[in-house]
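Please look at the sequence and the 3D structure shown here before reading the report that follows.

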Amino acid sequence: MQAWRVHRNGEPGEVMRLDETERPTPGEGQVLIRVRAANVNFPDALLCRGQYQVRPPLPFTPGVEVCGDTEDGRRVLATPALPYGGFAEYVVADEAALLPAPGSLDDAEAAALHIGYQTGWFGLHRRARIEAGETLLVHAAAGGVGSAAVQLGKAAGATVIGVVGGPEKAATARELGCDLVIDRRYEDIVARVKEATGGRGADVVYDPVGGDAYARSVKCVAFEGRVLVVGFASGVVPAPALGHALVKNYSIVGLHWGLYNTEDPAAVRACHDELTRLAAQGVIRPLVTERAAMAGAAAAVQRVADGASTGRIVVLPTGAAR
């Protein structure tokens with residue numbers, strides 16, 4: 001089969017190589033899956049760089065979520081078992097963690113429903129306890145993770161403020177349903193949030209960026225607000241000023257969605273049922289901006305690594321636009 005493999009750590013566009021290799025063999029409790037679509041995530045870039053919390057042995061195939069078919073004919077969503085990641089024609093995954101692919105979504109959309117939307121749902125509902133009528137501030141609102149949070153925030157009845165970088169991404173954020181879009185390149189995030197909320201600030205901040213995004217967020221978070229720490233796409237892990245959190249009375253809330261797979265798998269399945277329901281109703285739909293052929297996988301991962309993409313890029317191993 002064909003599979004993109006990383007033989008040394010570095011930038012995705014430089015270290016990913018398309019190889020001919022053997023199909024992976026399922027271990028105990030695992031199944032073989034033919035990949036229909038593999039979604040590109042920022043962790044794929046971190047895997048290539050050797051900066052992710054999991055460091056599979058070299059060579060390995062990146063790609064942390066797929067839509068595909070099991071040998072008994074089920075169309076499923078899966079997180080492949082590394083080192084046999086999703087940018088390949090076949091993967092192996094744990095049977096117990098498979099989720100049925102929603103019938104209302106095509107393969108590319110279904111592949112993008114898994115990690116980003118689960119992260120958004122758990123972040124907003126389980127960790128931040130968002131309520132209808134609250135104001136949600138989403139950083140990188142036009143990106144893969146941010147776009148999911150925008151849609152889920154609107155579904156929860158929140159007023160959503162999206163932060164983006166550049167006019168193209170601002171247009172995408174508006175199309176996603178943001179009530180207000182702030183272009184961080186040209187506007188003062190803190191001033192605009194306070195102006196939009198009558199000085200109160202954002203009740204919930206969804207931050208997959210870290211660095212300066214976090215620093216701005218804590219200056220415009222509301223009384224009893226919650227800052228959701230989802231990731232550090234900026235490459236800068238902020239050091240929270242706990243004295244500031246104390247005097248302003250806000251919470252700093254961490255979210256590592258992957259832990260729910262081991263600590264509370266029933267909650268993951270319940271969340272998937274809810275996401276499937278919302279997708280069937282048309283309330284949420286992954287923003288797939290590009291369906292890339294297998295040959296374009298390395299370039300696609302590099303674009304996500306560089307922050308040059310909007311929405312989701314999905315790799316289709318057969319090259320068909322599914």
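Is Glu195 buried, partly exposed or exposed? Glu195 counts as exposed because its relative accessibility is 58%; here buried means under 20% relative accessible area, exposed over 50%, and partly exposed in between, with a 1.4 Å probe and protein chains only.

## About the model

This is a predicted model, in which local features need pLDDT of at least 70 and side-chain atom pairs count only at pLDDT 80 or more, while totals for chains, interfaces and linings use all residues. Residues are numbered from 1 along each chain as its sequence is written, and side-chain values use heavy atoms, with hydrogens and water left out.

## Salt bridges

Side chains of opposite charge can pair when their charged atoms come close. The structure holds 20 salt bridges, a salt bridge being a side-chain nitrogen of Lys or Arg within 4 Å of a carboxyl oxygen of Asp or Glu. One of them joins Glu195 to Arg192, with the closest N and O atoms 3.4 Å apart. These two residues are separated by about one helical turn, because they stand 3 residues apart in helix H7 (residues 189-196); helices (H or I, at least four residues) and strands (E, at least two) are DSSP runs, numbered from the N terminus. Arg192 counts as partly exposed, because its relative accessibility is 24%.

Another salt bridge is formed by Glu290 and Arg303, whose side chains meet at 2.7 Å, N to O. Glu290 belongs to strand E14 (residues 288-293) and Arg303 to helix H12 (residues 297-305), so this pair ties together parts that are 13 residues apart in sequence. Glu290 is partly exposed at 29% relative accessibility, and Arg303 is partly exposed with a relative accessible area of 28%. Salt bridges that share partners also join Arg34, Arg36, Asp69, Arg75 and Asp107 into one network.

A further salt bridge links Arg5 with Asp19, where the closest N and O atoms are 3.0 Å apart. Here distant parts of the chain are linked, since Arg5 lies in strand E1 (residues 2-6) and Asp19 in strand E2 (residues 16-20), 14 residues apart. Arg5 counts as partly exposed at 21% relative accessibility, whereas Asp19 is buried, with a relative accessible area of 10%.

## Buried parts

Helix H4 (residues 115-127) is largely enclosed by the rest of the structure, because 10 of its 13 residues are buried. Among these buried residues are Ile115, Tyr117, Trp121 and Phe122.

Ser217, found in helix H8 (residues 211-217), counts as buried because its relative accessibility is 0%. The side chain of Ser217 reaches the backbone oxygen of Ala213 at 2.7 Å. When its neighbours within four places in sequence are left aside, Ser217 is in contact (heavy atoms within 4.5 Å) with Leu137, His139 and Val205.

## Backbone details

Most residues other than glycine have a negative phi, and most peptide bonds are trans. A cis peptide bond, however, joins Leu58 and Pro59, with omega about -10 degrees, and Pro59 is placed in the loop between helix H2 (42-49) and strand E4 (65-70). The bond from Leu82 to Pro83 is also cis, with omega near 20 degrees.

Ala140, in the loop between strand E8 (135-139) and helix H5 (144-155), has a positive phi of about 55 degrees although it is not a glycine. Glu224, in strand E12 (residues 221-229), likewise has a positive phi, near 60 degrees.

Notes
A polar contact is a pair of N or O atoms within 3.5 Å; within protein, one must be able to donate a hydrogen and the other to accept it, and residues adjacent in sequence count only if both atoms are side-chain atoms.
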